[in-house]
Amino acid sequence: MDRSSHPRSRRFAPVIAVAAAAALTLAGCSSSSGGKKSEEGAANASAGKATTPRMTVALVTHQAPGDTFWDTVRKGAEAAAAKDNIKLIYSADPNAGNQANLVQTAIDQKVDGIAVTLAKPDAMKGVIGKADKAGIPVVGLNSGLSDWKQFNMLEFFGQDESVAGEAFGKKLNEVGAKHALCVIQEQGNVGLTQRCDGVEKTFDGKLDVQNVNGADKPSVKSTLTAKLKQDSSIDYVVTLGAPFALTAVQSVSDAGSKAKVATFDLNKELIQAVKSGDIQFAVDQQPYLQGYLAVDGLWLYKNNGNYSGGGEQPVLTGPAFVDKSNVDKIAEFAAKGTR
């Protein structure tokens with residue numbers, strides 16, 4: 001990418017992108033284009049599908065096997081791809097070196113854009129630079145809020161994990177927690193560490209951190225069960241992903257503990273657990289929106305020169321709390337796998 005034209009290389013007021021997608025979709029519908037062509041364009045517009053040239057976007061994440069959070073991210077990306085006439089190539093690997101290789105594969109395929117997560121940014125810096133030199137725009141999502149600008153990336157869509165953690169810590173104070181256990185399912189993941197650090201910053205009680213191997217659910221369960229048996233003063237288990245929250249509920253039962261469970265992130269099963277009271281509350285960062293905006297952002301940049309946040313500010317998709325007071329409003333969307 002020519003750095004002289006990249007938003008990181010200059011500072012000016014961002015392009016106002018109100019209804020940009022609609023305007024591009026309707027480009028074939030002007031009165032000068034003839035009756036039949038105009039009708040066809042209008043039909044495409046009403047169906048919400050772009051008439052812009054086909055483009056290819058690679059979405060590369062650090063998804064671990066069995067982590068359903070990423071299914072929701074992918075659904076959002078696929079919805080945007082269908083609307084924008086994009087061929088979406090999805091790949092994932094929790095190993096940072098392997099994820100970097102997947103990005104290199106996308107570069108070799110000469111894709112039109114790359115959306116990538118930066119859970120372990122140091123391992124991704126080099127290959128992101130290669131994409132930049134190849135003229136391929138790159139946007140970040142979910143993980144990498146602290147690094148996307150210095151990596152010369154176009155945009156970032158996600159939540160500030162430190163802010164989310166701090167909000168979580170305050171929530172623990174509100175519910176009267178005294179001793180919490182923060183469970184990190186992927187050691188070295190910057191975003192997960194920031195969550196626990198944020199909780200510790202605002203939580204008035206004692207916070208312990210427990211690292212587990214999130215790829216091995218039986219191990220997660222046995223580790224948490226042993227910890228809860230060992231220390232009966234733990235009154236809240238804080239997990240950093242919905243599948244691990246549900247595992248923690250089992251561990252609490254197996255340990256005969258009185259601890260309650262709260263978590264970051266949602267899925268369909270977790271919504272039901274909030275309803276039943278097994279999970280006290282959850283932080284929602286809207287993963288569907290992250291996937292959707294990342295892919296749509298690349299389309300807008302290619303077809304109209306837009307970039308959200310003007311290349312200077314991230315687009316925040318969270319945090320928001322979900323508990324018994326508002327879970328019913330979200331349940332119908334969760335049932336579809338979009339929340």
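Which residues in α8 meet which residues in α9? In this predicted model, where local features need pLDDT of at least 70 and side-chain atom pairs count only at pLDDT 80 or more, while totals for chains, interfaces and linings use all residues, K217, V220, K221, L224, T225, L228 and K229 in α8 meet P243, F244, T247, A248, Q250, S251, V252, D254 and A255 in α9, where contact means heavy atoms within 4.5 Å. Residues are numbered from 1 along each chain as its sequence is written, and side-chain values use heavy atoms, with hydrogens and water left out.

## Helix pairs

The helices (H or I, at least four residues) and strands (E, at least two) named here are DSSP runs, numbered from the N terminus. Two packed helices are described by the angle between their axes and the distance between the axes. The axes are lines fitted to C-alpha atoms, for helices over the stretch in contact, and the angles run from 0 to 180 degrees between N-to-C directions.

| Helix pair | Angle | Distance between axes |
|---|---|---|
| α8 (residues 217-230) and α9 (residues 242-255) | about 45° | 8 Å |
| α4 (residues 96-108) and α5 (residues 121-133) | about 5° | 9 Å |
| α10 (residues 268-276) and α12 (residues 327-335) | about 155° | 9 Å |

Angles under 35 degrees count as roughly parallel, over 145 as roughly antiparallel, 65 to 115 as roughly perpendicular and the rest as oblique. The helices α8 and α9 are therefore oblique to each other, and α8 passes α9 in a right-handed crossing. A crossing is left-handed if the near helix is turned anticlockwise from the far one by less than a right angle, and right-handed if clockwise. The residues of the contact of α8 with α9 comprise eight nonpolar, four polar and four charged, where Ala, Val, Leu, Ile, Met, Phe, Trp, Tyr, Cys and Pro count as nonpolar, Asp, Glu, Lys and Arg as charged, and the others, Gly among them, as polar.

One residue of this contact can be followed further. F244, which lies in helix α9, counts as buried because its relative accessibility is 5%, buried meaning under 20% relative accessible area, exposed over 50% and partly exposed in between, with a 1.4 Å probe and protein chains only. Between F244 and V220 there are 24 residues in sequence and 7.9 Å in space, C-alpha to C-alpha. Residues up to four places away in sequence aside, F244 touches Q185, G214, K217 and T239.

For the second pair, the angle of about 5° makes α4 roughly parallel to α5. Here A96, Q99, A100, V103, Q104 and I107 in α4 meet A123, M124, V127, K130 and A131 in α5, and the contact residues divide into eight nonpolar, two polar and one charged.

Two strands pair if DSSP finds at least two bridges between them. Six strands form an open sheet with mixed pairing, in the order β7-β6-β8-β9-β10-β12; its edge strands, each pairing on one side only, are β7 (206-211) and β12 (320-322). From one strand to the next, the twist averages 20°. Helix α8 packs on this sheet, where α8 touches β6, β7 and β8 (236-239), and the direction of α8 makes about 150° with that of β7.

Strand β6 (residues 179-184) runs parallel to β7 and is joined to it by six bridges, with N211 in β7 as the bridge partner of I184. Strands β9 and β10 also run parallel, joined by three bridges, and F264 has V283 in β10 as its bridge partner. In β10, five of the six residues are buried. Helix α9 lies across β8, β9 (260-264) and β10 (279-284), running at about 170° to β9.

## The sheet with parallel pairing

Another open sheet of six strands has parallel pairing and the order β2-β1-β3-β4-β5-β11. At its edges stand β2 (86-92) and β11 (315-316), each with a single partner strand, so one side of each is left without a neighbour in the sheet. Strand β4 (residues 138-141) and strand β5 (residues 156-158) run parallel and are joined by two bridges, with L141 opposite F157 in β5. Helix α3 (residues 69-84) packs on this sheet, touching β1 (55-61), β2 and β4, and the direction of α3 makes about 160° with that of β2.
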